[in-house]
Amino acid sequence: MPGYEVKFTSPLDKAFECPICLIALREPVQITPCGHRMCSTCLQPILKNKRPRCPLDNLNFDPVKVFEDNGCHRQILNLQVLCSNLEKGCEWTGPLSDVESHQEVCSYVKVACPKHCGASLERRNVPDHSLECANRLTICTHCDQQVVFSHMNLHLQTCASFPVSCPANCGEINLTKEKLAIHMNSECPLLVIQCKFHEAGCAFKAERFKMKDHLSNSTEAHLNALCDLVYTQKKQLENQRERIQLQKEHIQLQKETLLLQKQEIIDVRSRAANGEFIWRITDFTRKLMDAKSGRAPEPMISEPFYTHPHGYKMCAGLWLNGVGTGRGRYISVGLQVQVGEYDSIHKWPIYPRYTFTLLDQRGEHKERKDISAHFEPQCISRPSADRQLGKGARRFVLQEDICHGSYCKDNVVYLKFQVALKQPPSGFFRV
């Protein structure tokens with residue numbers, strides 16, 4: 001930027017005047033060898049020429065030999081100047097170096113309103129302006145809340161304490177919005193309201209003060225309307241009860257259908273049975289805790305499966321908290337021969353070989369380590385409705401091995417049960 005455009009207390013020495021902008025030098029530089037000074041900014045256009053010349057003596061100079069004249073700069077900054085607001089009344093004088101500091105506090109400098117109302121005024125007038133500024137804070141006379149002055153009309157539209165008159169012109173004035181609501185709901189005599197028996201069918205509407213006479217003169221009509229309403233509601237309740245009963249019957253029918261479908265699924269499995277059943281046990285952790293605390297009865301019983309198509313009917317039992325010698329630490333498993341549809345054509349007794357397997361759920365198949373146990377009962381006679389004995393492993397697997405290993409994943413455990421039928425021992429009769 002060009003030189004300092006200020007008013008000095010004494011005439012400026014020509015040695016401190018820029019020959020280009022003709023005002024006090026700002027950041028002066030000196031050309032050699034002629035020694036002339038000028039503002040650094042003013043010299044820039046001359047340096048763009050291929051062969052720059054001094055503007056005073058028109059002599060060529062080397063741009064490399066132009067240097068900052070810091071001594072001259074200090075002398076200029078020490079010169080005494082007047083405030084640029086002298087004509088407005090500011091009497092400040094001081095060194096040129098302090099001009100910017102003075103401008104920051106000068107009472108006659110124009111500034112923007114600190115409350116951002118858009119006004120521009122001299123700094124000395126800010127205190128007086130704050131008393132009339134559109135963005136000043138003022139107290140609402142109704143609710144004692146501080147509000148921006150320019151927003152007062154908007155505030156009064158929502159002020160809970162702003163006094164209003166009854167819109168029905170009953171004569172009530174100076175009501176707050178809260179009191180107005182109470183007044184309109186239960187007090188105003190000129191407000192048109194419905195008869196309190198309107199839900200019973202009375203269509204009468206009138207000012208509140210007339211309603212008392214209407215109620216007094218229409219007692220019999222209101223009682224008849226109430227009786228009709230009660231009768232109608234009674235019929236509606238009876239119809240609703242009938243619909244609910246029909247829904248209950250429909251739900252029961254759906255349950256029975258689902259049971260039939262489930263049985264059909266089991267029958268389909270029996271026709272393709274191979275003596276193997278995999279039991280998927282969900283929510284395992286909770287079920288184990290319930291078994292240990294006694295909240296859930298044991299054992300858990302699986303759905304039935306068959307040894308072969310139309311074969312022996314079996315089911316699996318699971319004691320999550322163990323049974324007998326395995327109680328408290330182990331999980332016990334067992335198999336039971338049940339009364340089946342084809343028992344009368346089967347050979348009895350039977351000599352099964354049971355295999356119980358806890359399946360490892362590791363992702364890599366080669367790393368899986370299933371836990372298996374075998375059990376061979378001596379013989380099992382034909383079951384009856386009151387005699388169905390189970391056989392199995394009381395200490396099949398430790399509870400902690402399931403919970404902390406890869407056998408329980410996503411809170412699901414898989415148990416596989418296999419039944420193989422052996423030939424009866426020699427010496428026994430063959431059917």
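**Pairing, burial and cores**

Trainee: Which residue of β17 does W319 stand opposite?

Mentor: W319 stands opposite S332 in β17. This is a predicted model, in which local features need pLDDT of at least 70 and side-chain atom pairs count only at pLDDT 80 or more, while totals for chains, interfaces and linings use all residues. Residues are numbered from 1 along each chain as its sequence is written, and side-chain values use heavy atoms, with hydrogens and water left out.

Trainee: Which other strands are joined to β16 by two bridges?

Mentor: Strand β14 (residues 300-301) is joined to β16 by two bridges and runs antiparallel to it; I301 has G317 as its bridge partner. Strand β15 (residues 305-306) is also joined to β16 by two bridges, again antiparallel, with F305 bridged to M314. β15 and β16 form a hairpin with six residues between them, and H310 in the turn has a positive phi of about 60 degrees.

Trainee: Why is β16 called largely enclosed?

Mentor: A residue is buried when its relative accessible area is under 20%, exposed when it is over 50%, and partly exposed in between (1.4 Å probe, protein chains only). Six of the seven residues of β16 are buried, so the strand is largely enclosed by the rest of the structure.

Trainee: What makes the set around F284 and L335 a nonpolar core?

Mentor: The term requires buried Ala, Val, Leu, Ile, Met, Phe, Trp, Tyr and Cys residues joined through side-chain atoms within 4.5 Å. The largest such core has 33 residues, and F284, L335, F396, I402, L415 and F417 have the most contacts inside it. Among the elements that each supply at least two residues of this core are β16 (313-319), β17 (330-337) and α9 (284-293). A second, separate core of 20 residues includes F16, A24, F61 and I76.

Trainee: How do you know that β1 and β6 are edge strands?

Mentor: The open sheet has the order β1-β5-β6, with antiparallel pairing. β1 (7-8) and β6 (93-95) each have a single partner strand, so one side of each is left without a neighbour in the sheet. β5 (residues 80-82) pairs with β6 over three bridges, and L82 stands opposite T93 in β6.

Terms used
Helices (H or I, at least four residues) and strands (E, at least two) are DSSP runs, numbered from the N terminus. Two strands pair if DSSP finds at least two bridges between them.
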